[in-house]
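I would ask you to keep the sequence and the structure in view while I speak.

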Amino acid sequence: MATKYLLPEDRLPTAWYNIVPDLPEPPAPPLNPATGQPAGPEDLAAIFPMDLIMQEVSAEPRIDIPEEIQEIYKLWRPTPMLRAYRWEKALGTPAKIFYKYEGVSPAGSHKPNTSVPQAWYNKKAGINKLSTETGAGQWGSALALATQFFDMECLVYMVKVSYHQKPYRRSMIHLWGAEVIPSPSDTTASGRAILAGDPESPGSLGIAISEAVEIAATRDDTNYSLGSVLNHVLLHQTVIGQECLAQMELADAYPDVVIACVGGGSNFAGIAFPFIGEKVKHGKDVRIIASEPAACPTLTRGIYAFDYGDTAKLTPIVKMHTLGHDFVPPGIHAGGLRYHGMSPLVSLAKEHGLIEAEALPQTECFEAAVQFARTEGIIPAPESSHALASVVRVANECKESGDEKTILFNLSGHGHFDMAAYDAYLSGNLEDYAYPEEKIKAAMKNLPKVG
Ligand SMILES: *Cc1c(COP(=O)(O)O)cnc(C)c1O
């Protein structure tokens, strides 16, 4: 009775899986934020290297992973897939629960799977400095790690409220050699505009993105790097699901249900897209669930429309599920899930019924996470706990029906830097919050008018 499924190195993926040719329709092209016209590669060249732009628009089914990147991946990949026997027992479910654990990376989440290739392609293009934003600090630390590997500089705009609440992620970013500035800041025009309207602004991902993009767009030596949402980011994360396909073979099993949490959609796409590929190409039926916070219900209640990726309207306009680019999130603890938009590819998969989505209140998520930590040992990231809560719901359905379903979920990271959130939960100080409908309606009035 094996618990842990490890892949030999010679079975590691050597190419990333691109879902685009397997989708029923091609994704809508991104639009230039100034003109509203389709954005060509030139429009993106001010902030991204051409190799990543070509990946962004690629319709190739597979894209080879450069050998140097494969070598760095081996520092933490393959990540383990485990069977959660002890949690199954505690849940009293006949379901078989498997989980892929991405928390073994140096930064503690799935994010280095894309920060490393992004830094590598920029370095190859002669760029020596990257700017980016970070919410709770997971992405900032992952990019700091990657730029450190390639001897590059890194400038991180960190959402101000997290900058003060999460000092240890900030320390990690510093330790890996990057500079951190709390956002909104007076170092950019977009930051100064926000501060003029509200000197006490807690910041948001949308604002921090504006600052980081502005720096990259106005400096020749600096490019911008995004940790989720974009097609090339999701592409890099597909090493997760490809490893799972091979590990499921080792376990002599195949999932009936695949579950992951969604912020911008990258760890979800990473585990789920290769399974959607199997479904489209080989008819292997699988139910796929994206789990999001009720406080930031982008996929379940957001509108599918063209919107900006940031507050200052500097990024391309993309078609996605959105709560509006001026969304300022309520202070829930899953910092990594507080973005107003959703990856265009995940949004498209949802529109075509290839995936489902559900919104979960945070106390239900923490309850699942604590039970998991007490049975399996690992303390999940608050973001990942949304996937766990969805697993519990399916496991309970199985308990009622007697179905022995096989569930696979992505444990996207550990929660070692989120103990304040666990303290709040354990002392009964966490409240549930559903994002109000009026706010969604109001934000829709500010969507860009296109077409
Ligand atoms: C950033 C993060 C997420 C959310 O981002 P996605 O792009 O939706 O994956 C989820 N889990 C962890 C641990 C994260 O760090």
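Let me begin with a term. A residue is called buried when its relative accessible area is under 20%, exposed when that area is over 50%, and partly exposed in between. The model on the screen is a predicted one.

With that term in hand, please find Glu243 and Lys100. Both Glu243 and Lys100 are buried. Their side chains meet in a salt bridge, at 2.6 Å from N to O. Glu243 belongs to helix α12, residues 239-250, and Lys100 to strand β5, so to speak of this pair is to speak of distant parts of the chain, 143 residues apart.

A second pair is Glu102 and Arg77. These two form a salt bridge whose closest N and O atoms are 2.9 Å apart. Here, too, distant parts of the chain are linked: Glu102 sits in the loop between β5 (96-101) and α5 (112-124), while Arg77 sits in the loop between α3 and β4, 25 residues apart.

Arg77, Lys100, Glu102 and Glu243 are linked in a network of salt bridges.

How many salt bridges are found in a search of the whole structure? The search finds 19. Another of them joins the side chains of Lys74 and Glu9, at 4.0 Å from N to O. Lys74 is in the loop between α3 (67-73) and β4 (81-83), and Glu9 is in the loop between β1 (4-5) and β2 (15-17), so this pair ties together parts that are 65 residues apart in sequence. Lys74 is partly exposed, with a relative accessible area of 28%.

I turn now to the backbone, and first to a general point. Most residues other than glycine have a negative phi, and most peptide bonds are trans. Several places in this model depart from that pattern, and I shall take the peptide bonds before the phi angles.

Pro78 lies in the loop between α3 and β4. A further cis peptide bond runs from Ser183 to Pro184, with omega near 5°. Pro184 is in the loop between β8 (179-183) and α9 (189-197).

As to phi, Val229 has a positive value near 65°, although it is not a glycine. Val229 is located in the loop between β9 (222-224) and α11 (231-237), and it is buried, at a relative accessible area of 7%. Asp252 also has a positive phi, near 55°, in a residue other than glycine. Asp252 is placed in the loop between α12 and β10 (257-261). At 72% relative accessibility, Asp252 counts as exposed.

The next item is helix α13, residues 266-282. This helix has 17 residues and reaches 24 Å from its first C-alpha to its last, close to the 24 Å expected at 1.5 Å a residue. Where does α13 bend? The bend, of about 35°, is at Ala272, and a proline, Pro274, follows within four residues. Of the 17 residues of α13, 13 are buried, so the helix is largely enclosed by the rest of the structure. After α13 comes Gly283, with a positive phi near 65°.

Next, the cysteines. A disulfide is a covalent bond between the sulfur atoms of two cysteines. The structure holds zero disulfides. Cys261 is buried, with a relative accessible area of 1%. For Cys398, the closest cysteine sulfur is in Cys244, at 19 Å, again too far for a bond. Cys398 counts as buried at 1% relative accessibility.

Met50, Met54 and Val57 make a nonpolar surface patch of about 280 Å². Met54 is in helix α2, residues 50-56, and at 45% relative accessibility it counts as partly exposed.

That concludes the presentation, and I thank you for your attention.

Technical notes
Residues are numbered from 1 along each chain as its sequence is written. This is a predicted model: local features need pLDDT of at least 70, side-chain atom pairs count only at pLDDT 80 or more; totals for chains, interfaces and linings use all residues. Side-chain values use heavy atoms; hydrogens and water are left out. Patches are made of residues with over 30% relative accessible area and no salt bridge: like charges are joined within 9 Å, nonpolar side chains (Val, Leu, Ile, Met, Phe, Trp, Tyr) within 5 Å. Accessible areas come from the Shrake-Rupley method with a 1.4 Å probe; for residues, only the protein chains shown count as cover. Helices (H or I, at least four residues) and strands (E, at least two) are DSSP runs, numbered from the N terminus. Buried means under 20% relative accessible area, exposed over 50%, partly exposed in between (1.4 Å probe, protein chains only). The expected span of a helix is 1.5 Å times one less than its number of residues. The bend at a residue is the angle between axes fitted to the seven residues ending there and the seven starting there. A disulfide is a pair of cysteine sulfur atoms within 2.5 Å.
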